[in-house]
Amino acid sequence: MTRTTGSSIRRAALWVVPVVVLAVLLTVWVTMEDTGPGSGKASMSRQQDRAKDILGYEPEVRAVPKAEGEVNKISSRVLDWMGVRGKVTEPSAAAHVCQKVDPDFETYYVVNHPWSVYELKKGSFDEAMDNLRKTLPEKGWKITKDGPMDTEAASPEIVAVQPDSHHTLTVQWLNSGKPGRTELISVDVDSRCFRAPEGTDLNRA
């Protein structure tokens, strides 16, 4: 009786070992499937689909320096189109958080360039605004607003969009006609949301 029982246990053990090994192999295989090269592409696709649903467009994959360079060029053109000469604030365009889809600033970003021109040595602020009203449409920009800001000062404001690149431009003539205060034109150029190439550290880009 004891011998039979011992043999049965030994036979059962022989079956248990391969079953356990098979279970381990299956677990490893499933894990490799979930973390393999294809899984990263699937995750990226899901992220893109989510971003598209939220933003209403699919963010283009674009390197940060290229996107920043495009915005800097637009700012330079806008200054030329104003046709005035004065002091211009220094900071260049930079990548910032695409708040709607990536508040942690890990994958998606926008490029923003706020700057101002002041202490004019040539031309006038009124002339600069008039030049933009004329030149922006000629250069393919669509003016979506041209009127007073919704503030107590009701300063003049021009808002425009570039239909092809989807960059937006906001130009405000601030403190016009107020003695003792620095009169300036404030400009803000913004891109739409982009997706950084894989491996980009947006905090160091």
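A disulfide joins Cys98 to Cys193, with an S to S distance of 2.5 Å. Keep in mind that this is a predicted model. The count comes to one disulfide.

Where do Cys98 and Cys193 sit in the chain? Cys98 is in the loop between S3 and S4. Cys193 is in the loop between S8 and S9. A disulfide is a covalent bond between the sulfur atoms of two cysteines.

Buried or exposed? Cys98 is buried, and Cys193 is too. Now the handedness. The torsion about the S-S bond of Cys98 and Cys193 is about -125°, so this disulfide is left-handed.

Next, helix H3. H3 covers residues 64–82, which is 19 residues. From first C-alpha to last, H3 reaches 28 Å, close to the expected 27 Å.

Which residues of H3 are buried? They are Val64, Ala67, Glu68, Val71, Ile74, Ser75, Val78, Trp81 and Met82. Look down the axis of H3: these buried residues fall within an arc of 145°, so they line one face of the helix. An α-helix has 3.6 residues a turn, so residues three or four places apart point the same way.

The face of H3 turned away from the buried side carries Pro65, Lys66, Lys73 and Asp80, which are exposed.

What do the buried residues of H3 pack against? Strands S3, S4, S7, S8 and S9, plus helix H4.

Last point. Just after H3 comes Gly83, with a positive phi of about 70°.

Terms used:
Residues are numbered from 1 along each chain as its sequence is written. This is a predicted model: local features need pLDDT of at least 70, side-chain atom pairs count only at pLDDT 80 or more; totals for chains, interfaces and linings use all residues. Side-chain values use heavy atoms; hydrogens and water are left out. Helices (H or I, at least four residues) and strands (E, at least two) are DSSP runs, numbered from the N terminus. The expected span of a helix is 1.5 Å times one less than its number of residues. Buried means under 20% relative accessible area, exposed over 50%, partly exposed in between (1.4 Å probe, protein chains only). The arc is that of the directions from the helix axis to the C-beta atoms. Contact means heavy atoms within 4.5 Å. A disulfide is a pair of cysteine sulfur atoms within 2.5 Å.
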